[in-house]
Amino acid sequence: MSMASSSFSGSGNALMWFRKGLRIHDNPALECASKGVTGGGFLYPVFVIDPHYMEPDPRASSPGSSRAGLNRIRFLLESLKDLDLSLRKLGSRLLVMKGEPGEVLINCLKQWKVEKLCFEYDTDPYYQQLDIRVKDYASAARIEVFSPVSHTLFNPADIIQKNGGRPPVSYQSFLKLAGEPSWASSPLMTIFPSLPSVGDVGSSQIVEVPTLEELGYVDIEMGNELPPFRGGESEGLKRLREAISNEKWVATFEKPKGDPSAFLRPATTTLSPYLKFGCVSSRYFYQCIQDVYTRNKKHTSPPVSLLGQLLWRDFFYTVAFGTPNFDQMRGNKICKQIPWNDNDELLTAWREAKTGYPWIDAIMTQLHKWGWMHHLARHCVACFLTRGDLFVHWEKGRDVFERLLIDSDWAINNGNWMWLSCSSFFYQYNRIYSPISFGKKYDPNGNYIRHFLPILKDMPKEYIYEPWTAPLSVQAKAKCIIGKDYPKPMVSHDSASKDCKQKLAAAYELNKKLNGIVSEEDLKVLQRKLDATCDSVLNPVHSHSSSGAKRQRRS
């Protein structure tokens, strides 16, 4: 991760390449680019619309590209619009271009006689490959490059180096290695008086920030409920100020105590999409929290504190950066090898909110509509898909989240799916989220379900979490016949979760016996053994009796 010095010599033109880091405040790359322009040079702020992420895919299961759902694309476009407005206030503007980013960038460097190239460092594998190509060209063309680490609190490479070249795989060991960030008590640059002007762009195809329609998203029916997230630095800083202003809430924040069913006022900061796109600097957020802690000596501590949440983010970034094949089971040293089901029917029912469990289906509906849900809600649906009920591969669920979440983040998404499936980090596979009692604990009236699954809005509260147990007369009165208007449960949770525990016990035993070196053939042999003994996933619930309800509630 070698980087050129941030103090550029000479004069000439600089190019600021935005990818994440879509903000003005605490943006060391932008600061360096603006200072590097002297002697009548120009600053070119560039964002490239990457078809890899933005091009409509008519074959996708819901509106969006093959890699991103419509909610995330909309959020990104709003963030770019906001960034452009902020740059214009400082005498500059955002130069939006379309195409393969490496190709576009290299053409710009050539055409605009750029001497300094600045962009925020990115640990994602896609950008790692892209950056090598652009840096190689810059080096050959004698263009200075400055690529600072400012998306995370720490440089992941430094932590890995401190740990003898291996990433720490527990949060506590990460905390010990990390200590306090070197910049923690230094003032961050949050305001620019002005920026150098943009020079002649020659024959480059510059466009305004496109609308969804201009990207090819036409005739899209999104219902009457738009997600309550507007992209951009302005909105992100507003939300940050609101969260931080409640000092008691910040000081006493404990992550496990949030309410996953609170949707009108979510029981969290809702800053994750703004951190994902770098509309809000995690370093600035860190300093804001520390300021509150200075004034409130009695406060919670990591891992549950608000500061602890930012450190979790860095932990996952560090492990992901230092672990080959972090995004897959095979060839991933920290991931247990488990013979997951390869059942697209189960996956589709889960993804499309048709499992027959209202709590699970309401969460998946919120994911489709908003591109966001509370972290405990994510835990419930991830557990249900993998080790709790359906035993479907975590990579399949990861792909759904990666596409649909507006805050989808490569390192955090993969890390959390391994965690929730008990493939890595967390191994207490007997602790399963009930798709019935967990939601009921927070929302006994089922208001969350009624909002996201209006077909169940008239179901009495004693049946809202288990509508298949309601007498037919009650179902008729609620205008929701189970099996017709809303699906029957696709599995019996009691027997499915029992089967899942048996399968994981057997898989853990195999991993232990073979010291983690488990081949495809080993997994196939185990799969055949398990298939012979565990078959509840194929046997849906048909009971409408109240005894079914009693059996289910115990889990």
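Contact is taken here to mean heavy atoms within 4.5 Å. The structure is a predicted model, in which local features need pLDDT of at least 70 and side-chain atom pairs count only at pLDDT 80 or more, while totals for chains, interfaces and linings use all residues. Residues are numbered from 1 along each chain as its sequence is written, and side-chain values use heavy atoms, with hydrogens and water left out. Helices (H or I, at least four residues) and strands (E, at least two) are DSSP runs, numbered from the N terminus. Residues are called buried under 20% relative accessible area, exposed over 50% and partly exposed in between (1.4 Å probe, protein chains only).

Leu523 is located in helix α22 (residues 520–533) and, at 7% relative accessibility, is buried. Not counting residues up to four places away in sequence, Leu523 touches Met329, Arg330, Gln337, Ile338, Pro339, Leu510 and Val518.

An unreviewed UniProt entry lists residues 12–153 as "domain: Photolyase/cryptochrome alpha/beta"; UniProt positions are given in the numbering used here, feature names are shortened, and annotations may be inferred rather than shown by experiment. Over this range the chain is 42% helix and 18% strand, and the end C-alpha atoms lie 31 Å apart. Helix α4 (residues 101–111) has as its buried residues Pro101, Gly102, Val104, Leu105, Ile106, Cys108 and Leu109. These buried residues pack against the strands β1 (13–18), β2 (43–49), β3 (95–98) and β4 (114–118), and also against helix α5 (125–140).

Helix α3 (residues 70–89) contains Leu76, a buried residue with a relative accessible area of 9%. When its neighbours within four places in sequence are left aside, Leu76 is in contact with Leu22, Phe47, Met54 and Phe277. Leu76 and Cys279 are 203 residues apart in sequence, yet 9.8 Å apart in space, C-alpha to C-alpha.

Helix α7 (residues 171–178) packs with helix α12 (residues 306–322) at an angle of about 95°, and their axes are 10 Å apart. Axes are lines fitted to C-alpha atoms, for helices over the stretch in contact, and angles run from 0 to 180 degrees between N-to-C directions. The two helices, α7 and α12, are therefore roughly perpendicular to each other (angles under 35 degrees count as roughly parallel, over 145 as roughly antiparallel, 65 to 115 as roughly perpendicular and the rest as oblique). Tyr171, Phe174 and Leu175 of α7 make the contact with Gly308, Leu311, Trp312, Asp314, Phe315 and Thr318 of α12. By class, six nonpolar, two polar and one charged residues take part, where Ala, Val, Leu, Ile, Met, Phe, Trp, Tyr, Cys and Pro count as nonpolar, Asp, Glu, Lys and Arg as charged, and the others, Gly among them, as polar.

Ring pairs join Phe154, Tyr171, Phe174, Trp312, Phe315, Phe316, Trp419, Phe425 and Phe426 into a cluster. Rings of Phe, Tyr and Trp (its six-membered ring) pair if their centres lie within 6.5 Å; planes under 30 degrees apart count as stacked, over 60 as edge-to-face and the rest as tilted. The whole structure holds 37 aromatic pairs. One of them is the tilted pair of Phe326 and Trp410, with 5.9 Å centre to centre and 50° between the planes. Phe326 lies in the loop between α12 and α13 (344–351) and Trp410 in helix α17 (residues 410–420), so the pair ties together parts that are 84 residues apart in sequence. Both Phe326 and Trp410 are buried.

Backbone geometry was also examined. Most residues other than glycine have a negative phi, and most peptide bonds are trans. Lys113, although not a glycine, has a positive phi of about 50°; this residue is in the loop between α4 and β4 and is exposed, with a relative accessible area of 64%. Lys479, in the loop between α20 (472–477) and α21 (493–513), has a positive phi near 55° and is likewise exposed, at a relative accessible area of 58%. The peptide bond from Pro302 to Pro303 is cis, with omega near 10°, and Pro303 lies in the loop between α11 (282–295) and α12.
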